[in-house]
Structure formats: C-alpha cells, structure tokens
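This report describes selected features of one structure, arranged by topic. The sequence and coordinates are shown first.

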Amino acid sequence: MKRITTVLLSGLFLVGCGGGGGDASGGGEGGTPAAAATGPTGTATITGSISFAGAAPANPAIDMSEEQACRDKYQSQPTNPQVVVNDGKLANVFVYVKSGLPDGATYPAPAAPVVLDQDGCLYHPRVLGILVGQSLEIRNSDPVLHNIKAVPTVNRGFNISQPTAGMTSSRTFNSPEVMVPLECNVHGWMNAYLGVMSHPFFAVSAEDGTFTISGLPAGSYEIEAWHETQGVKTMSVTVADGGSATADFSFGPSA
Amino acid sequence: MTRRILLLLLVPHGAAAAQDTPGKATYERWCAGCHGDAGAGDGEAASYMLPRPRDFTKGVYQVRTTASGSLPTDADLRRVIDEGMPGTAMPGWRTRLSERERNDLVSYLKSFSRFFQTDTPELLELGRAPGGGADAIAEGRQVYETLECFKCHGQAGRGDGTSAPTLTDDDGHPIRAADLTKARNFNGGAAVEQIYARLRTGLDGTPMPSFSDAVTSSVITDEQLWRVAQYVRSLSPQRQPAVREVIRAHLVPQLPASPDDTAWAGAEAYFVPLVGQIIVAPRSFAPTVDAVWVRAMHDGERLAIRIAWHDPSRSPDPVWQEWLDRVAASVHRDDTTGVVQGPDRLILQFPVSASPDAEPPFFLGGSSRRPVHVWRWESEPDRVQEGSGAGLGQFTPGPASQTTHASRFDNGEWQVQITRALTPVDTAAAPVFTPGGLVPLAFVAADGSSGENEVQGSVSAWYAVYLDIPTPGRVFVQPLVAAVFTAGLGLFVILRAQRRERGAPDSHAEAS
C-alpha cells in the first residue's frame, strides 16, 4: 500500500523530503531519478554580509607536538579557527533558505562531489553544504591517521579510518539536516560542520563575511544563518524574479 | 486476520493485554532500570555507569556485522543480549531469559528507533581467518604501526595512547580506548574473527572507526587487516585467567632487586580481580583498575611482592585533566567537593596478627575494633607508608618504615615491588611471614587521574600468600635409597632366576 502511494505521489511530481530516507538513499546511489520532481528555480539572488560586533574571542591554540607532520605545515603555533573574524566580518557562517520553497520541492544532487580535506590536522573547509544524495568526498592530505566520524541525528552516521595520505572515501546523506558535526577522535580539536540540504540555496560566508545565494525563484523566504559557536539567527526576505535582496546578519557580544 | 482472532480467543483475557507488545514486559522488568522506559539510555542507574547504557532511540550499535553507520542485524542484537558486553555493566541474558523472551526483546528494542522502519542493515562479507603463527603476528604488529592504532591504544596496546585522554562517545561521555591486552573485556568477543569484525565494522557510537574503506581503497590488504586481528589477539592470554586464592611465594636464593628484574619470570603470576568500592561513601562506580597481577618470592629472610596492573595514566598528569573533568561530569559522585587529580595508589592490607583459624578483619580497610596492617604505596611522591588502618581512608602511619620498594611505570602499566623482612620489629603491630604459613592479604588500587583515591578506588576480597618451605634433605635421600633398594632386589631376583634356569634345563618343556 505504502509503495503504491509513493508511486502515485511520484506521478504527481510531489515526492518530497517527507518521503523518507529510503527514497533519498536510492537517489544518492542511482543518479538522479528524482529529476522529474525538480523543484522551482529562478533568477533571484540574495546576498549579504555577516558582521561580528564586539571583540572576537581568541581561538584556542592547538598542541600538535604529537603530530609533527601536521605541525610542520604551520610557521607559528596553530589555533583552532572556531571564530574567524576579519575587519569585523565573520567567516564560516552557514546561510540557507530555511523555508519559503514549495513544500516537498526536491532538487537533483549534482554529480560533482563536495570535497572535505584533512590538511595540517584541520578540516578544509570547516563549514560546508551538500545536497541530499550528493557525494561527500573525504580526503586525507596528511601522512597521519585520521578518523572521520559523522555524528548526525536525522541521518545515519559513519566512522571511517584514513590511515595514509592520499586516501579518499565517499559518503552520501539521505535526509536534510542542519548541521551534521564531523569530528576526528585521534585529534580531538578537529571539527567540521556539514549542512545537508534538500535544495541548492545555501552558502557559507567567505573570509570577508560575504555570501551569495543565487538561482532562487521569486518569493518570500526565511533565511537562517548558523555559526558553530555564535548560534543561529533568522531573517525574512522577499525577492523578485531577476532581482536581488540583501540579508545582513550580525553576531557577536555587541550584536 | 482470522488467525489473530483465533489467537485472541486462545489467550486468556488478562494475559492478552500484557502480551500486546512482545518484549515490553520483559524489557520493563529487566532492562529499563539502566536503559530507561523509553529506551533512551537514561534509566535510574545510568549515571552510575561508564560507559553509559545504550540509547536505543538512536539506533546506533557498537557490536555489529554490518557497515559503519548501518543498523545491526537481529542476530547482532541477539548476540549482545545473549553474551552481554564484557567489561561493562551489561550482563549476558542467555541463562536468565528464555529464547522467546530474548527474541521479543530484539523486536522491542528495534521499536525504539525509527531507523529500523526506513533502513536495512548493510551486511559485510567478513570471510575466514587465514592461518596464524609467529610470522603472522609479527606482520600484524607492523600493520598496527602503519595504521597508527597506537594513537589511542598505546604502543603496548594498554589503552594509553596519546589520544586516549581526549576520547568521548557520541554523547560526549568519556570513553576508554580498549586495553587490547584484556581480550576478556572485548565487547564483541575475544576470537580473532570477532576482533577482525570490529576492525571492519568499527564500534559505532565510539571513536573506533571502520577500516573497511582502507581495504577497499587498497591502503592495506584484507589479509593485513586479519594480521592486525591476530596480533591483537596475541596480546592477551589465550584463556581467561583463573582466580586462585592462595598466592605462592617461591623460595629463591636471592630476591629480585626491582619489579622489572627478569628473575620475576620465575614466580607464578596470580590474577586478582578488583571491583569498584560501592559500600562505603564516597563510592567508586566506574573504577579504572579491574585487576592486579601478583607475584611473590622469599629467600627465608625477606618477602618480596610484585604487583602489576594497567592504568593508562601516570597520575597526576595535566594531560589527563580533560579526562577527569569529563568523568566528574558524567559519573555520579557521592562527594560534592571539587574533583582533583591525586597520585595513583596501591594498598596492601594484612590482618595485624595472622592466624589461619581467625576470620580476617573487614575487607574494606579493617575497622576500629579490628584494624589491619597497611602498606600504602603512592606514585607522587613515590613512597610506601606502613601503618594501621581502621577502615578505608582511616590510616595511621606506624613508627618506622620496614619495607623497601621500587616502582616503575611502563606504557600504561604500573609495576611495584615491596620487600620486607619476614619478621617485623614489632610483631604485635605487623604480620609475621612464616615459611609454610598462610598470611591473608587484600588489595586496593586507585587511578588518581580519574579522581580516585584510597576510598574511591577498586578493591579485592581477601587472598592469602603462602611461603614455600625449604625442601628438607630427606626428600632427596629417600628416593635414592628406594631406587638403590629396588635395583638391588631386581638384580637379586634376576640372578636367582638365571641360576635356577641353569640348574633345570627342561623346565620350559615341562611348562608347555
């Protein structure tokens, strides 16, 4: 009965996130069977800048003395880039359309993988987004053992060992989830955060705090900005087709 | 449908309600105390345990035959219910619950997590172990190095790697890197095949990753991973060590000078299991030390006892502060004062005057009515104090030290040798060790980096040390006399028979 319902819903181009992890899993392995159900796109753009108001907290120093191969990649004592502020602008903020797209809209996963690199015993990038079913390619650029553990709550996790430089592993996620923490247990300071999305309307603020989300259909959206230590802020934005709207966020003690 | 109605008709009314959900009643009676009514791992006893009871709502299980991140099979769940999780508070239920009850528990556990409705277990092809042997183990050691297993498990496999103090489970509770020399505590079983399976599947929910990707991407071969399993297995005794209550002190011409003296290999090692001290407050619910190995020797003048045990930290050690903070936050403590790192400790206690007939004093450090004599070693400063104990932590130093000692910390193992004259200066205050006699003794161990001390530590019951007596000369002479006599008698019989044969040449014919 459930299967018949699913087939019927597919026929009506209404297969949505609510369809369950099993469907999304199939999409991840078999290419883009959900292409027929692609959600709307457009030419609207949302841009913004993330400010950090007040004094930025100092990032903790990392003692890499046990991992000389990683330590050698830094000229001075490495720090854990939890809060990256340049000229009052905050990097590594995950900004995404939280609501406003049609219910159940899905978008095909791009064929190109999202790459997560382990280099100098830190993750690069630290904050990243991926589509449901899209491949996350995890790379070890360090000649040391890393394990990559994903600790999601909505998705299934994994914990993979990568003992040598040059090794890659790929994984996919079945359901949207903001954010999936990734960690290395050999190096307790290593953390990355992955936003798993059902649509491509997300971005991560750059070193200068700016971000751009493009290709949106016209509409009113709730935009959420997420930062690993500074929390979450939301904003409502309306944008016309071909138009552009601004969504500036401010984090920090004086925000 | 018809069948269900028939079944309902067959079952008495009252029982029908109880059997609505198979496994529920059994779960609530036997499992909920630790795992919680809703399976969230938050039962009343949960905060007294490390590691914590499993949270079934997440559908994340350590011991599986499936890929990392995958659900376990029903057989995987049944196995854990049947066998328990050695080294944790989870017992095996094979002999306590019927097969049907255990199967019902499997389906009830699965009902706690939505993942069992949407996902299917991804089984791994695990294959069979290749032949082992010394070369296989040596190669396994090399791969252990290549894979950097030592980062967590340590160079000697004792769970003392550089990353060990930082390890947490998925919920942020501190978790030990397994001591690979204690196969008896391996959650998934001690067989090579089971160790290999853990390498392939990882232990989900813990820092232990899966090495399946390393094999599929040809970083190592499948055979090399088997070699690691064979090497890891070789680090533990083949059989679970037996507990023997009497520790034999071998008589030797000369006592070893230090705990790493090779002469100690000549003395039998005795396994003494320890448990958390949970009788006197403040109690110890998740102790580090679960056993000590004891050897003893005497030379007719002095007794030397060597105690060895595994402790990943040489306490106090600032590197382990992070660990202690997590333990303090995770495990229930009776004392509300700040938790600080102390030294590692080992306490030996003896009845003040040993008499084989008398019942020994209270095993937890004696009592004011019947105190014990105490040898109290600590790592920082490295010293042994002797004195009188009137209960755990109720220690009064004696007038003078009569013991000498030497201690050594090596890759997650403490080795302490304590030596004393068989006869103390004050025979009324300390036990006299007599060759041929038994002296009761009991042990307390504490890991200072986990906030343990002489009260909150691990304890043993009473054991006894027996001192070999010198072998009397007659033991050697009597067999010699007997041998000469027997040979002489034999010779006499033979000679006599030969003589008779010569005298009666037809005897053979007569006999036939």
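## A sheet in chain A

A:Val115 lies opposite A:Glu137, a residue of β8(A). The model discussed here is a predicted one. Strand β5 of chain A, residues 114–119, pairs with strand β8 of chain A, residues 136–140, in the parallel sense, and five bridges join them.

Strands β5 and β8 belong to an open sheet of four strands in chain A, ordered β6-β5-β8-β11 and mixed in its pairing. At its edges are β6 (122–124) and β11 (168–171) of chain A, each of which pairs on one side only. With direction ignored, neighbouring strands of this sheet are turned against each other by 20° on average.

## Surroundings of A:Phe202

A:Phe202 is part of strand β14 of chain A, which spans residues 202–204. A:Phe202 counts as buried because it has 23 C-beta neighbours inside 10 Å, where 20 or more are required.

When neighbours within four places in sequence are left aside, A:Phe202 is in contact with A:Phe94, A:Val95, A:Tyr96, A:Gly129, A:Gly195, A:Met197 and A:Ile213. A:Asp103 is 99 residues away from A:Phe202 in sequence, and the C-alpha atoms of the two are 17 Å apart in space.

## Helix packing in chain B

Two packed helices are described by the angle and the distance between their axes. For helix α5 (residues 74–83) and helix α6 (residues 99–110), both of chain B, the axes come within 9 Å and cross at roughly 120°. The arrangement of α5(B) and α6(B) is therefore oblique. The crossing of these two helices, α5(B) and α6(B), is right-handed.

On the α5(B) side, the contact is made by B:Asp74, B:Leu77, B:Arg78, B:Ile81 and B:Asp82; α6(B) contributes B:Arg102, B:Asn103, B:Leu105, B:Val106 and B:Leu109. Sorted by class, the contact of α5(B) with α6(B) contains five nonpolar, one polar and four charged residues.

## Backbone geometry in loops

Two cis peptide bonds may be noted, one joining A:His124 and A:Pro125 and one running from B:Ala281 to B:Pro282. Omega is about -10° for the bond between A:His124 and A:Pro125, and A:Pro125 lies in the loop between β6 and β7 (127–131) of chain A. For the bond from B:Ala281 to B:Pro282, omega is near -5°; B:Pro282 is placed in the loop between β3 (275–276) and β4 (291–298) of chain B.

Positive phi values in residues other than glycine occur at A:Asn92, near 60°, and at B:Asn411, near 45°. A:Asn92 is in the loop between β3 (89–90) and β4 (94–99) of chain A, and is buried because 25 other C-beta atoms lie within 10 Å. B:Asn411 is in the loop between β10 (404–410) and β11 (413–421) of chain B. B:Asn411 has 14 C-beta neighbours inside 10 Å and so counts as partly exposed.

## Contact between the chains

In the contact between the chains, 26 residues of chain B meet 23 residues of chain A. On the side of chain B that touches chain A, the elements giving two or more residues are α7 (115–118), α9 (150–153) and α11 (212–216) of chain B. The residues of this side of chain B comprise ten nonpolar, ten polar and six charged.

Terms used. Residues numbered from 1 in each chain as written. Chains lettered and ligands numbered in written order. Predicted model: local features only at pLDDT ≥ 70, side-chain atom pairs only at ≥ 80, totals over all residues. Axes fitted to C-alpha atoms, helices over the stretch in contact; angles between N-to-C directions. Parallel < 35°, antiparallel > 145°, perpendicular 65-115°, else oblique. Left-handed = near helix turned anticlockwise from the far one by under 90°. Contact = placed C-beta atoms within 7 Å. Nonpolar A, V, L, I, M, F, W, Y, C, P; charged D, E, K, R; others polar. Pairing = 2+ DSSP bridges. Buried ≥ 20, exposed ≤ 12 C-beta atoms within 10 Å, placed from the backbone.
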